[in-house]
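Subject: Structure handover

Hello,

Here is the structure I promised to pass on. Please have a look at it first, and then read my notes below.

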Amino acid sequence: MRTLSLVSAHSFVSAMALSIAAVSAPAFAQSSANPSAAAGVHTDLPRVAHPSHYTIAITPDAANLKFSGQSSVDLEVTEATPFLTLHALDLNISAATLTPAGGTAMPVTITMDAASQTARFTAAQPLAPGKYRLDTTYTGIINTQANGLFALDYPDKITGKDVRGLFTQFEAPDARRFAPMFDEPIYKATFDLSAVVPAAQMAIGNMPVAKEEPLDGGLKRVTFGTSPKMSSYLLFFSLGDFERMAKEAAPGVQVGIVAPKGSGEQSRYALNELAPLVPYYAEYFGQPYPLPKLDNVAAPGQSQFFSAMENWGAILTFERILLVDPAITSAAARQNLVTTQAHEVAHQWFGNLVTMAWWEDLWLNEGFASWMETKATAHFHPDWFPLLGRVNGRDAAMGLDGYKTTHPIVQEIKTVDETNQAFDAITYQKGEAVISMLEAFAGEGVWRDGLRAYMRDHKFGNTQSKDLWQAVEKAGAPGLTAIALDFTTKPGIPLVKVMGMTCKKGVATLNLEQSEFSVDRKAEVAAKPQQWKVPLLVSSGSGEPVRTILDGGKATVSVNGCGPVVINAGQLGYYRSLYTPKMLQSLKAAMPSLAPVDQMGLIADNLALSASGYQPYGPAFDLLAAIPGNANPVVLGNAFGDFVGAWRTLDKDAAAQKKLAAKVSANYKPRLLSLGFEPKPGESLPDADLRSTLIAGFGTMGDADVVAEARRRFGQLAANPKAMDGPLKTTWLNIIARNATKAEWDAIRDLAAASNSGVERQFLYTLLGRPVDASLAKAARDLALTDAPGKTTSAAMIVASAGLHADETYAFALANRAQIEALVDAQSRVTFIAGLGSNSSDPAMIDKLNAFKATVPAEAARPVDRVIAVLTEKAKSRPLYAKGLSDWLAKLKK
């Protein structure tokens with residue numbers, strides 16, 4: 001599964017905090033051969049039985065949002081028990097029987113427990129060890145948000161009329177909404193799925209259709225092939241007016257893009273990017289793809305919780321991410337399509353073929369898929385500079401990891417709420433950063449050999465983190481386990497400080513000291529910092545970098561050349577780097593000539609260190625300003641974004657804001673003018689994305705030329721609705737929305753209502769929440785509670801409103817809490833409401849969040865704690881940041 005939120009550690013611009021704290025270290029054990037014997041794996045099921053096969057038959061009633069089902073579970077009871085317990089949620093089980101192998105069916109009584117989301121099946125006599133089949137008949141509900149079996153309404157691309165598609169989303173604990181199941185990852189089984197559906201519609205499952213049978217009443221029964229042995233959360237079903245574009249990816253493996261009818265060539269780009277991923281991953285992991293097909297299903301709508309899901313053989317990705325519409329798809333959206341698809345295909349091996357035993361090792365799925373998406377994108381599109389994105393990912397993780405509310409990568413998880421909260425930047429981006437560091441320590445070849453052994457030894461089974469470390473060590477990386485345990489079981493961030501540097505006879509000698517970086521507990525950390533075994537790669541810009549392990553708190557490192565010295569060369573280490581003032585001056589002078597990855601890492605580190613009080617602001621802004629106007633497009637886009645974020649923090653100092661805008665314009669406007677306002681044939685994707693970034697940022701700062709151009713283009717729509725079509729459409733419209741007049745806001749609303757494109761309709765309705773004008777933002781919030789935007793778009797409108805109007809939006813959400821919660825996936829509700837207040841500058845918001853926290857279960861309250869921690873620190877640091885920035889501006893040459 002891929003999430004969408006990244007929160008920068010050093011930026012004060014509006015961002016929704018989706019981080020979760022779970023600080024205690026886990027203790028568990030597991031057995032992939034027999035889940036019933038897995039003492040210690042957290043569960044709400046008794047460890048007395050495990051399934052081997054499910055046969056599930058459903059009949060959906062899409063119009064009335066309900067379905068009926070029959071399920072048979074072949075299972076083995078491993079110790080005598082008075083009853084069987086399976087997961088079941090929102091199911092009405094009307095009948096059940098239990099049949100021992102070779103015996104006669106016997107009735108069982110059914111006891112539902114909504115609190116534990118289980119159903120208990122009790123026979124007249126205790127069950128002896130042996131094999132049984134549990135048959136159930138039941139009904140369930142079709143949701144309107146992405147939980148269990150859910151419906152999405154969207155405009156037909158040909159007729160414009162609203163139609164309905166059905167999809168499933170089961171990760172983490174929602175397969176239990178589809179049928180009674182052993183709904184935990186360690187309980188792997190094979191699945192036979194069939195469905196009675198309208199004859200004219202297409203049904204999609206994990207496996208290809210094995211047979212179709214015509215039925216009376218315009219219906220058919222679709223039966224899918226038997227799945228491989230897999231966890232319940234990977235089961236998938238979808239139904240609708242779809243079309244499929246397919247091609248062969250490898251011998252015996254067909255890949256396809258399933259999309260709403262009328263999508264046509266919009267699927268082509270995704271299909272062409274999907275096909276080569278299958279043989280690439282099969283070769284890298286040393287295991288062939290084990291299914292005969294791999295579909296990626298384009299779902300209309302959106303979720304506040306996820307953007308795509310790795311169901312085995314049938315990935316689900318929201319249409320706005322997966323399909324390319326020349327009228328609206330930007331360069332950044334194309335790149336996001338590629339990386340998202342690479343992430344989900346990586347899961348077909350890392351997560352689906354080999355699965356974590358319990359959710360506390362979720363990072364074995366998500367961290368590795370994030371790492372592999374970057375590796376695959378770098379393989380197929382090196383000209384996009386995808387490896388630079390790891391710096392932003394690492395920084396996003398550190399933006400959460402520096403707070404006391406952080407948690408280790410491997411975290412203790414006991415409840416459904418805690419499982420849902422585990423999908424955060426620590427799991428994804430810190431996971432990727434630590435893996436990148438460990439790969440560099442082991443060496444690419446040894447690391448790959450270890451992964452291949454891990455896949456070979458555990459395919460179709462379950463693992464813990466230690467299984468991976470043992471495989472890589474055995475492949476030739478002694479000492480890796482100790483480093484891995486430090487970085488996966490300890491929360492927080494190492495801080496590597498240069499205490500002094502001398503250079504004699506062309507050799508630089510550095511005295512290094514390890515501490516711990518923290519945003520909101522610096523005194524505690526200073527008194528007793530954690531210690532890690534930190535792999536270092538130190539470079540002076542000449543000769544080979546020096547590799548060493550900083551262990552025990554202090555080290556002396558010598559490197560050829562006198563500098564400038566970078567103590568995290570290549571930015572593969574997960575730590576903050578604190579330099580002496582003299583070294584920072586040297587790095588500032590050398591900034592234009594440093595490797596792009598080091599430019600990005602140095603800026604990220606120093607802005608974070610300044611914002612957290614480890615050094616003055618001047619050196620950080622000096623490094624940022626040293627990025628030249630002709631820099632690598634990814635580096636320049638990041639630097640420009642930092643300056644735009646800085647501009648926003650000066651909202652109470654118009655003079656300083658104007659001066660900063662002039663400085664930014666002098667540095668970066670020439671690059672925009674060189675790129676031009678129109679896409680150029682054959683230009684690189686990073687250049688196209690940089691153009692959009694620069695236009696958007698200058699539009700935010702109110703640059704007269706850019707705002708005038710946006711309004712000129714918008715004015716053409718009255719005569720020609722396609723006048724703005726192209727990769728910059730979303731960029732220009734965002735500028736219009738931010739600065740919208742009432743007439744412009746009304747025009748955007750009318751465009752949204754009239755659009756036959758579900759993606760464009762979502763985007764346009766979301767824009768309505770973004771104006772600076774408070775009355776227009778209020779109108780958007782009110783509109784979000786009507787049926788006009790669509791049930792999965794309204795939440796995005798409310799989030800957009802919170803960007804510039806956090807206090808009003810948060811109050812609105814509480815005043816309409818029941819309606820708001822109905823617009824959001826069940827697993828996102830607490831996080832969603834708390835996040836609406838995360839952009840507030842009013843200290844009173846902290847008290848409001850504490851009051852909200854009192855209304856939610858304790859195990860679900862950690863997202864609220866995260867926002868409170870961020871706002872508490874922001875109240876202290878934002879004024880200091882604004883002053884530091886103003887002081888730096890005052891010292892600039894006129």
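Predicted model: local features only at pLDDT ≥ 70, side-chain atom pairs only at ≥ 80, totals over all residues.

Residues are numbered from 1 along each chain as its sequence is written, and side-chain values use heavy atoms, with hydrogens and water left out.

As for terms, helices (H or I, at least four residues) and strands (E, at least two) are DSSP runs numbered from the N terminus, and two strands pair if DSSP finds at least two bridges between them.

β2 and β8 both belong to an open sheet of eight strands with mixed pairing, in the order β5-β4-β8-β2-β1-β11-β14-β13. Its edge strands, β5 (106–107) and β13 (209–215), each pair on one side only.

Strand β7 (residues 118–127) has two partners to look at. With β3 (residues 81–87), β7 runs antiparallel through six bridges, and there Thr85 stands opposite Arg120. With β6 (residues 109–113), β7 is also antiparallel, joined by five bridges; Thr109 is the bridge partner of Thr122. β6 and β7 form a hairpin with four residues between them, and Gln117 in the turn has a positive phi of about 55°.

Now the disulfide (a pair of cysteine sulfur atoms within 2.5 Å). The structure holds one, joining Cys503 to Cys562 with an S to S distance of 1.5 Å. The torsion about this S-S bond is about -65°, so the disulfide is left-handed. Cys503 lies in strand β23 (residues 493–504) and Cys562 in the loop between β27 (554–560) and β28 (576–578), so the pair ties together parts that are 59 residues apart in sequence.

Finally, a helix pair. α20 (residues 729–738) packs on α22 (residues 758–767) at an angle of about 25°, with the axes 10 Å apart; axes are lines fitted to C-alpha atoms over the stretch in contact, and angles run from 0 to 180 degrees between N-to-C directions. That makes α20 roughly parallel to α22 (angles under 35 degrees count as such). In contact (heavy atoms within 4.5 Å), Lys729, Thr730, Leu733, Asn734 and Ala737 in α20 meet Glu760, Phe763, Leu764 and Leu767 in α22.

Best wishes

How values were computed
Parallel < 35°, antiparallel > 145°, perpendicular 65-115°, else oblique.
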